[in-house]
Amino acid sequence: ADATFRDLDVATLWPAGPQTLLSGHAHVQPAQAAVPAPAVPDHAPACALQLELANTLPGPWDQHRLPLDKLQAQGEWRDGVALVQNLTAQLAGGQLEAKGQWSQPPAADKTTSTTSTPASPAGAAPAWQANAVLQGIDPAQLHSRMGPLRLNGRAEANGQGPLTTLDASLQAANGAGNNRKRPPAMARSRTKASSPLALEQL
């Protein structure tokens, strides 16, 4: 299946969303497994996705815009797992490369005794993880109240249920900040979705 779109404004479909002018195409096809697996009646066929788009109306999020210029992504859906194999985005004056996955919780074991200990809410929730590399990202182009500064770095995040863990290492790009050297800024966070994100500066 193929889909092509032009000058799509997200705000017309989602009033609280950003104004955009997205043009591009998406392609979905059956995914080829490295080793053919036996057919399972309850399993949906695996699908591969390719997406490419451009936004000709980028801008900071607080100005009801999307700070994205271009995006290319390849992914796959197989056995309850959504896999982002490769994502490259031109945004906020720089580039972001990312990979990740989202997986459904395992099905309940019908053979388990009813007297066994109930599973925790987190154990029954979908799990996700993502890794990203940033190069030349300008926070001021993400949100206009942030100061202009080119940032390089890496970030890893994962979560399940209400729990999220974030590890990030960021530093000013060469030549940023009036050519003054700045030490890497690192942060770690463990928080529940129902509580504010708390960062511990290392």
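Where does Val133 lie? Val133 is found in strand 7 (residues 127-137), and point 6 comes back to it. Here are some notes to read beside the structure.

1. **What you are looking at.** This is a predicted model, in which local features need pLDDT of at least 70 and side-chain atom pairs count only at pLDDT 80 or more, while totals for chains, interfaces and linings use all residues. Residues are numbered from 1 along each chain as its sequence is written, and side-chain values use heavy atoms, with hydrogens and water left out.

2. **The overall layout.** The protein has two helices and 11 strands. Helices (H or I, at least four residues) and strands (E, at least two) are DSSP runs, numbered from the N terminus. Read from the N terminus, the order of elements is β-α-β-β-β-β-β-β-α-β-β-β-β. Of the 202 residues, 25% are buried; buried means under 20% relative accessible area, exposed means over 50%, and partly exposed is in between (1.4 Å probe, protein chains only). Accessible areas come from the Shrake-Rupley method with a 1.4 Å probe, and for residues only the protein chains shown count as cover. Among contacts with a separation of 6 or more, 41% are between residues 24 or more positions apart; a contact means heavy atoms within 4.5 Å.

3. Strand 4 and strand 5 (residues 81-91) pair in the antiparallel sense over 10 bridges; two strands pair if DSSP finds at least two bridges between them. Within this pairing, Trp77 stands opposite Ala82 of strand 5. The two strands form a hairpin with two residues between them, and Asp79 in the turn has a positive phi of about 50°. Strand 5 then runs antiparallel to strand 6, joined by nine bridges, with Leu83 opposite Gln101 of strand 6. Strand 5 and strand 6 also form a hairpin with two residues between them, where Ala92 in the turn has a positive phi of about 50°.

4. **A tryptophan pair.** Which residues make up the aromatic pair, and how are they arranged? The structure holds one aromatic pair. Trp77 and Trp102 are stacked, at 6.3 Å centre to centre and 25° between the planes. The rule is that rings of Phe, Tyr and Trp (its six-membered ring) pair if their centres lie within 6.5 Å; planes under 30 degrees apart count as stacked, over 60 as edge-to-face and the rest as tilted. Trp77 lies in strand 4 (residues 68-78) and Trp102 in strand 6 (residues 94-103), so the pair ties together parts that are 25 residues apart in sequence. Trp77 is partly exposed, with a relative accessible area of 30%, and Trp102 is partly exposed at 34%.

5. **One salt bridge.** The count comes to one salt bridge, taken as a side-chain nitrogen of Lys or Arg within 4 Å of a carboxyl oxygen of Asp or Glu. The side chains involved are those of Arg78 and Glu76, which meet at 2.8 Å, N to O. Arg78 is partly exposed, with a relative accessible area of 24%.

6. **Back to Val133.** At 33% relative accessibility, Val133 counts as partly exposed. The C-alpha atoms of Val133 and Glu97 are separated by 5.3 Å, although these residues are 36 residues apart along the chain. Leaving aside neighbours within four places in sequence, Val133 is in contact with Gln95, Leu96, Glu97, Gly153 and Arg154.

7. **A nonpolar patch.** Leu8, Leu13, Trp14 and Trp61 make a nonpolar surface patch of about 450 Å². Patches are made of residues with over 30% relative accessible area and no salt bridge, with like charges joined within 9 Å and nonpolar side chains (Val, Leu, Ile, Met, Phe, Trp, Tyr) within 5 Å. Leu8 has its place in strand 1 (residues 2-8) and counts as partly exposed at 31% relative accessibility.

8. **Backbone angles to look at.** Most residues other than glycine have a negative phi. Asp7, in strand 1, has a positive phi near 50° and is partly exposed, with a relative accessible area of 41%. His64 also has a positive phi, near 60°. His64 sits in the loop between strand 3 (47-55) and strand 4, and is exposed, with a relative accessible area of 54%.
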